Amino acid sequence: MKQMPTPNSPLKIGTRGSPLALAQAYETRSRLMAAFGLPEDAFEIVVIKTTGDKVLDRPLKEIGGKGLFTKEIEEAMLSGAIDIAVHSMKDMPVLQPDGLILDTYLPREDVRDAFVSFDFEKIGDLPEGTVVGSSSLRRRAQLANRRPDLQLVEFRGNVQTRMKKLEEGVAAATFLAMAGLNRLGMSHVAKSCIEVDEMLPAVAQGAIGIERRIDDKICEELIAAIHDTPTGHRLAAERAFLGRLDGSCETPIGGLAVLEGDQLWLRGEILRPDGSEAISGERRGPIADAAALGTDLADELLGQAPQDFFCWR
Ligand SMILES: NCc1[nH]cc(CCC(=O)O)c1CC(=O)O
């Protein structure tokens, strides 16, 4: 058993209040309890409502992109109201506000997207013209690219809301991250798992990150005990890729790194939002070069993209 550094007691863990966010905060707490032999009451889970949680009636891109689900949580950390924050890494910008750092990750869950439908087993079984629901820019573009014959509709909300929409016939199929379903104990909702070469996941999909104040040495030492190094290497490559591509407007991007011994294999894809064009590539290299693999692959894809591929260029 590790000796625990002496943090504030109880240690305040900030999180959003959605069922998935809470499950991720509980998993973080359990891992810290196990690492240091601590009781549950050494921790306090602090639920923070973010702008993204408050505004439910408008598409996310209208309310204003980045930091929608994180701003209030990061402010709470900077003010000292919470000590650490637990996030889905795929929702996190590559850069954090001054004073905060996000470099500690739990072991990654299944990275794949789930195919969810009552009537069909997989994408390939969907008849021409079938209505599919998704509000993910990436999933919409990837589906439109592979199956331009399908019809796409917006589909926001938690798992329960989306299942209800399927029941009501608003759409015949939708997608969810396997990681979220597994963490909620709802993997039965997935009709099938979509392999990554059919639909490349979002950068960092399935990874949980723990954010802290950069000058908080005690929390740094504390959460280092539950950091998963392989996940760290994979996200270093994927987030460098995303960082290089990220512009002033939303672009559908997929990216996934896997470890092959001491080598990383990074695949990446960028698409036009309407799916009319996709550009993809891959890189292999040593773990030590993770970030360079990401930026190099991004530069390669950017080099192949026509001027109007990104709306800000
Ligand atoms: N954008 C919402 C979001 N952020 C993280 C997950 C799932 C869990 C994960 O990928 O870590 C989801 C839901 C989904 O895409 O189905």
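Tutor: Two residues are in contact if their C-beta atoms, placed from the backbone, lie within 7 Å. This is a predicted model, where local features need pLDDT of at least 70, side-chain atom pairs count only at pLDDT 80 or more, and totals for chains, interfaces and linings use all residues. Numbering runs from 1 along each chain as its sequence is written.

Student: OK, which residues does isoleucine 287 touch?

Tutor: Leaving out residues up to four places away in sequence, isoleucine 287 touches His233, Asp262 and Leu264.

Student: And where is isoleucine 287 placed?

Tutor: Isoleucine 287 sits in the loop between strand S13 (278–286) and helix H10 (290–304). Helices (H or I, at least four residues) and strands (E, at least two) are DSSP runs, numbered from the N terminus.

Student: New topic: what's around the ligand?

Tutor: Ser88, Lys90, Asp91, Leu176, Ala177, Ala179, Gly180, Gln205 and Gly206, each with its C-beta atom, placed from the backbone, within 6 Å of the ligand. Strand S8 (173–177) and helix H7 (178–183) each give two or more residues to that shell.

Student: Why does the ligand lie between two domains?

Tutor: Because domain 1 (11–107 + 207–227) and domain 2 (113–194) both give residues to the shell. The bounds come from an automatic or database domain assignment.

Student: How far apart are the centres of domain 1 and domain 3?

Tutor: 26 Å, taken over C-alpha atoms. Domain 3 covers 237–308.

Student: What about phi of alanine 204?

Tutor: Phi there is near 70 degrees, a positive value in a residue other than glycine. Alanine 204 is in the loop between strand S9 (192–194) and strand S10 (208–213).
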